[in-house]
Amino acid sequence: MHRTSIFSCFHQSSKSFLLYKKDVSAFPFPFQKSSAMLISLKQKSSGGRRPKKKIYHRVHELDRVMDLQKKPSLILHLKAIIQSQKHQHLLLRNLEKQVGFVQKWNFMAVIEKYPSIFHVGADSRAPPFVTLTEKARKVANEEAEARELMEPILVKNLRKLLMMAVDCRLPLEKIEFIENELGLPQDFKKSLIPKYPEFFSVKDVSGKAYLHLENWDSTLAVTVREERLTSEGVTLSNPPKKKAKCELS
């Protein structure tokens, strides 16, 4: 009797479990999918970390150097703009067209700060304009003469630079980046390169403009020490090996 009651209880429990399982499976499928989706979203949202905030430190010495370079560059840029005008003066209302709306105010501050270089004038027939003072115009003319006298040195240094480069060529944009250090004028692509076709040529390489060396000069492939010793009449017993001459096309 006791064993029969145990089996009957077990049978009823199994039947109840099967009915419960059937009832649970009767719930719509989207409900089960949404519960699993909620869990996965919760796991994703709790797994990440906030990135560390970058901390920048100012270098005051570098800021001062940049400020010292910024002022002369603005002065030289404005001087070049004025000299490029037909009547050697620029209407103030046209300054924005040349440098943009934001930079216009920096140039206006330069004009106001350096009255010994820039003169603002106006008359009854023309709006206000800016031009170079007489002293600044004289210095600018002397600068042009100095550049003309230095042109052979600039050409020589540029040839040496190309001789040290791979395949004797360099991208023009790289030369423009160091044009001030080389002493080249800002318009050297138009004023200097075309004057010496026997030395330089501009060719397109993979969509970029490259400056090529057209004529190799072995007399330039010497060091400063060799030049000094040669001028002193000293003959080198073991001269250093020269770099192999690049192939010029």
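In which loop does I117 lie? I117 lies in the loop that runs between α5 (residues 101-113) and β2 (residues 118-123), where helices (H or I, at least four residues) and strands (E, at least two) are DSSP runs numbered from the N terminus. The model is a predicted one, in which local features need pLDDT of at least 70 and side-chain atom pairs count only at pLDDT 80 or more, while totals for chains, interfaces and linings use all residues. Residues are numbered from 1 along each chain as its sequence is written, and side-chain values use heavy atoms, with hydrogens and water left out.

**Overall composition**

The secondary structure of the protein comes to ten helices and six strands. Of its 249 residues, 22% count as buried, a term that stands for under 20% relative accessible area, with exposed meaning over 50% and partly exposed in between (1.4 Å probe, protein chains only). The accessible surface, computed by the Shrake-Rupley method with a 1.4 Å probe, for which only the protein chains shown count as cover of residues, comes to about 20,000 Å², and 60% of this area belongs to carbon and sulfur atoms. Among contacts (heavy atoms within 4.5 Å) with a separation of 6 or more, residues 24 or more positions apart account for 53%.

Three strands form an open sheet in the order β1-β3-β2, with antiparallel pairing; two strands are taken to pair if DSSP finds at least two bridges between them. Because β1 and β2 stand at the edges and each has a single partner strand, one side of each is left without a neighbour in the sheet. Neighbouring strands of this sheet are turned by 30 degrees against each other on average, direction ignored, the axes being lines fitted to C-alpha atoms. Five bridges join β2 to β3 (residues 126-132), and these two strands run antiparallel. F118 stands opposite L132 in β3.

I117 is partly exposed, with a relative accessible area of 23%. Although I117 and T133 are 16 residues apart in sequence, their C-alpha atoms are 5.4 Å apart in space. If residues up to four places away in sequence are not counted, I117 touches I75, T131, L132, T133 and A136.

H212 lies in strand β6 (residues 208-213) and is buried, with a relative accessible area of 8%.

**A nonpolar surface patch**

V59, L62, V65 and M66 make a nonpolar surface patch of about 350 Å². Patches are made of residues with over 30% relative accessible area and no salt bridge, with like charges joined within 9 Å and nonpolar side chains (Val, Leu, Ile, Met, Phe, Trp, Tyr) within 5 Å; a salt bridge is a side-chain nitrogen of Lys or Arg within 4 Å of a carboxyl oxygen of Asp or Glu. M66 has its place in helix α3 (residues 60-84) and is partly exposed, with a relative accessible area of 45%.

Key. Axes are lines fitted to C-alpha atoms, for helices over the stretch in contact, and angles run from 0 to 180 degrees between N-to-C directions.
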